[in-house]
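Student: I'm new to this structure and would like a close look at a single part of it. Could you walk me through one spot and then show me what lies beyond it?

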Amino acid sequence: MSRLSINIRRALSDFSLDIALDHDFKGVTAVIGPSGAGKTSFLQCLAGFVDGRGIQIKVNGEIWNDTERGIIRQPHQRRLGYIFQSPYLFPHLSVEDNLFYGMKRRGQLADDEIAQVIHSLSIQPLLRRSPSALSGGEKQRVALARSLLTKPDLWILDEPMSALDKKSRQEVITMIRPILSLSSAPSFYVSHALDEVAQMADSVLVIDRGQVKFFGSIDEANDQDLGIPGLQNEPGVILEGVVKDFDEEYGLLRLNIDHQDIFLPARSRPSGQRHRFRILRKDVSLCLSCPSSSSVLNQIPCIVIALKPASDYQTHVKLAFGKHILWATLTRKSVDNLRLEPGVSVTAMIKAVSLLGTH
Ligand SMILES: Nc1ncnc2c1ncn2[C@@H]1O[C@H](COP(=O)(O)OP(=O)(O)OP(=O)(O)O)[C@@H](O)[C@H]1O
């Protein structure tokens, strides 16, 4: 956990970036919002890639930027792990030398810490290779390992997966998610991809026209009227379950959340492992009693806790199961037919195939 105090006020072309946050940050904060909202500008201020005017940043009590006091740390003086779309590896150095290049500048690590980093990102087979002989996903893993060895106080990841194909993305996400989540240094992670946010984020920061529109944990984001705000095209909730088992024959993973089984198509995962997935509110239908025979594998008993008009003819229904929130978007006609109101018990029906795309 790190205490970050951030105060940024600076003009961009059409609006001002105006961000004030003072918080103990932990794990991965997904930074989301429409294109041109100021996400990259925000990260650049944190990293020190812009002139320091109008920026106050304190990390664990250390001033990184305070123009009033005349303190501006250059990017190389900030202990920062910066990962972006196309990682830069020194082309004339082997992967191994690229890794240790970062270390020489920042002091030594114990051998077992180095071995742990190399192991956790599966870098061992790549050590003797030249960067030109690496795939995009491998380069990203090396860049991440190099940053890890410098023990950053803050991670900044700006669409790090956007240049990768689906398979490499998933490989990298699976490897870096536990590293970033368990790291004592918090991360800011910009992404437009809902599945990435669903898998990576512990908290969500929504920026729109330079302003913070929402900041909170995943559970708080789930609780919001717009699901995951900033990704309004596909509002939904992000949930995390524990793997119970994997059905090899049907390619279905069974997760448990609050004693509720959820089936979703995915690759095999060891039981006991935590797994994130998202449920879009357009994919949730409701019925008053659980149908005895249905193709829908996921049937979750819920209580209606609120109804919010989505438009003249559609309603968002907020549902609780255990301590979790679900949303369903229904026609107003369906809401009337079922006589839905707060307190009514319903069964939420979610096709397993609609949970595809989160693995
Ligand atoms: N150095 C700058 N000076 C003035 N305006 C800038 C500067 N850099 C970016 N802008 C403008 O600020 C706005 C925010 O840009 P930014 O790249 O931060 O948005 P973004 O949310 O990261 O967008 P995207 O999701 O498309 O990458 C845009 O209108 C952009 O044109």
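Tutor: Happy to! Let's begin with Ser130, which is partly exposed because 16 other C-beta atoms lie within 10 Å, a count between the 12 or fewer of an exposed residue and the 20 or more of a buried one. Keep in mind that this is a predicted model. Now look across to Phe90: 40 residues separate Ser130 from Phe90 in sequence, and their C-alpha atoms are 9.1 Å apart.

Domain 1 (2–230) and domain 2 (238–357) each supply at least three residues to the core, while the C-alpha centres of the two domains lie 32 Å apart.

Beyond its neighbours within four places in sequence, Tyr189 is in contact with Val28, Thr29, Ala30, Val31, Leu157, Met200 and Ala201.

Finally, turn to the ligand. Among the residues around the ligand are Leu12, Ser13, Asp14, Gly33, Lys39 and Thr40. Sorted by class, this shell holds two nonpolar, seven polar and two charged residues.

Conventions: Residues are numbered from 1 along each chain as its sequence is written. This is a predicted model: local features need pLDDT of at least 70, side-chain atom pairs count only at pLDDT 80 or more; totals for chains, interfaces and linings use all residues. A residue is near a molecule or strand if its C-beta atom, placed from the backbone, lies within 6 Å of it. Ala, Val, Leu, Ile, Met, Phe, Trp, Tyr, Cys and Pro count as nonpolar, Asp, Glu, Lys and Arg as charged, and the others, Gly among them, as polar. Domain bounds come from an automatic or database domain assignment. Two residues are in contact if their C-beta atoms, placed from the backbone, lie within 7 Å.
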